[in-house]
Amino acid sequence: MNPAPIRRNPARPNREFTFYFPTARDLFLIFSAALGMGVIRDGRAAARATPDMAIVASLPGQYKTTLLLENSEPVALRLRGMPQPSGGSAPRVIWRCDRGRLERTESSGENRFTPPPVSCVSTIEAELNVSAAKPGAAAPPAAKAILRVISPSPGRLLKNGVIDGFTLGEYLDPRAPGVSKDSYAAKHPDKFQPPRAFYLVDDASRDLPVSPHFKLGDFALDYPWFSLGKRQYIALDLGLLRKMEDLIAEFNRAGLPGDSIRIIYAFRPPAYNSSSIAKDGAESLKAPFSVHQYGKALDIILDADGDLQLDDLDGDGKVTVRDTIPMMRCVNALDRRYRSEKIPLYGGAGLYDHHDFWERPVQTPYVHVDVRGFLASDGTLIRWPAQWPDTKETIVWSKM
Ligand SMILES: [Ca+2]
Ligand SMILES: [Ca+2]
């Protein structure tokens with residue numbers, strides 16, 4: 001049975017603003033405001049919103065009108081794109097929110113938002129009220145900007161493997177006596193602490209775009225093979241989002257269909273990751289300290305033809321594990337750049353000829369990428385496997 005076609009991330013048109021058709025006078029007002037001249041009418045500010053009026057938080061987790069918060073700390077907000085007259089009073093902005101708390105209900109364009117202490121989507125609205133051009137004339141419609149804030153639940157709400165009724169499973173302690181001293185977890189215990197935040201993926205948050213190519217729901221366990229629409233909690237490292245966008249740019253530069261990236265697996269909770277190791281045996285990918293559990297890893301393919309399999313990237317007429325080579329060259333180039341620029345987003349990477357998640361209808365070669373942020377003990381980037389799965393020849397990673 002073929003799974004349902006997967007909806008792409010459409011370039012979401014911005015419907016959050018009140019648009020109007022500017023007259024020559026409007027354009028003069030906008031232009032003069034942009035030049036800092038200010039336009040005062042009847043002692044009041046006559047203001048128009050610019051088309052790019054938006055609420056901005058100046059945080060790395062903001063993409064267009066969605067803000068993905070890493071914690072529940074208060075956030076400074078600013079309404080961008082509103083004219084600021086150089087004399088007289090600045091236009092007043094009315095603020096509203098449906099969840100959390102705003103410091104002010106009215107301001108000249110700045111505010112502070114305290115998100116709710118549990119994961120949800122809060123909608124913040126800023127309304128710019130405009131004076132009538134002349135006494136007695138009708139005031140033009142107010143311009144509005146909207147920001148949707150995805151706040152996390154703190155990791156401490158995960159108790160006995162359950163958060164808000166959802167079973168994530170228990171994170172193992174990397175310092176526990178039973179953990180092998182040779183494991184990455186034992187060598188880098190600080191990198192294998194339970195996530196500090198979890199995001200609720202539900203109808204309110206699933207389709208919110210969190211970066212140019214991804215929605216929050218793309219990182220949920222059920223995407224796309226288990227699309228049952230169930231609410232669930234996930235961990236997601238913002239560094240992973242940035243790395244994926246950098247990697248897509250790297251793919252595109254190399255002539256690969258980077259925009260056709262498809263996630264095979266993103267977050268996997270411990271409960272799922274440890275569910276059927278007995279069945280899969282030593283070949284299982286469900287490692288107890290898998291970085292997927294921390295929201296720091298993705299398994300990906302490039303799939304421009306949409307058949308859920310990696311495309312024939314080397315053009316030899318068949319899809320094999322060797323089609324991961326062009327992708328892996330880009331992952332290596334990006335990780336080397338991160339290292340040289342001291343950006344701690346380099347990580348492990350691996351190539352696979354199939355996944356062992358047999359509950360899925362389609363098998364495919366794929367590439368694993370993560371942001372674990374440490375190197376192998378010999379100072380090289382962590383890469384696997386040591387041999388090609390098809391011919392058993394040694395993979396010379398330093399040359400790829
Ligand atoms: Ca394909
Ligand atoms: Ca091929």
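A residue is classed as buried if 20 or more other C-beta atoms lie within 10 Å of its own, as exposed if 12 or fewer do, and as partly exposed in between. In this predicted model, tyrosine 63 has 16 C-beta neighbours inside 10 Å and therefore counts as partly exposed. Tyrosine 63 is part of strand β4, which comprises residues 62-63. Setting aside residues up to four places away in sequence, the contacts of tyrosine 63 are Pro209, Val210 and Ser211. Although 147 residues separate tyrosine 63 from valine 210 in sequence, their C-alpha atoms are 5.6 Å apart in space.

Within α6, the residues Met327, Cys330, Val331, Leu334 and Asp335 are buried. These residues lie on the same side of α6, because they cover an arc of only 130° around the axis. In an α-helix there are 3.6 residues a turn, so residues three or four places apart point the same way.

The cover over the buried residues of α6 includes the helix α3 (238-253). Also included are the strands β21 (297-302), β22 (349-352) and β23 (366-370). On the face of α6 turned away from its buried side are Arg336 and Ser340, which are exposed. Lysine 342, which follows α6, has a positive phi, near 60°.

Terms used
Residues are numbered from 1 along each chain as its sequence is written. Chains are lettered from A and ligands numbered from 1 in the order in which they are written. This is a predicted model: local features need pLDDT of at least 70, side-chain atom pairs count only at pLDDT 80 or more; totals for chains, interfaces and linings use all residues. Helices (H or I, at least four residues) and strands (E, at least two) are DSSP runs, numbered from the N terminus. Two residues are in contact if their C-beta atoms, placed from the backbone, lie within 7 Å. The arc is that of the directions from the helix axis to the C-beta atoms.
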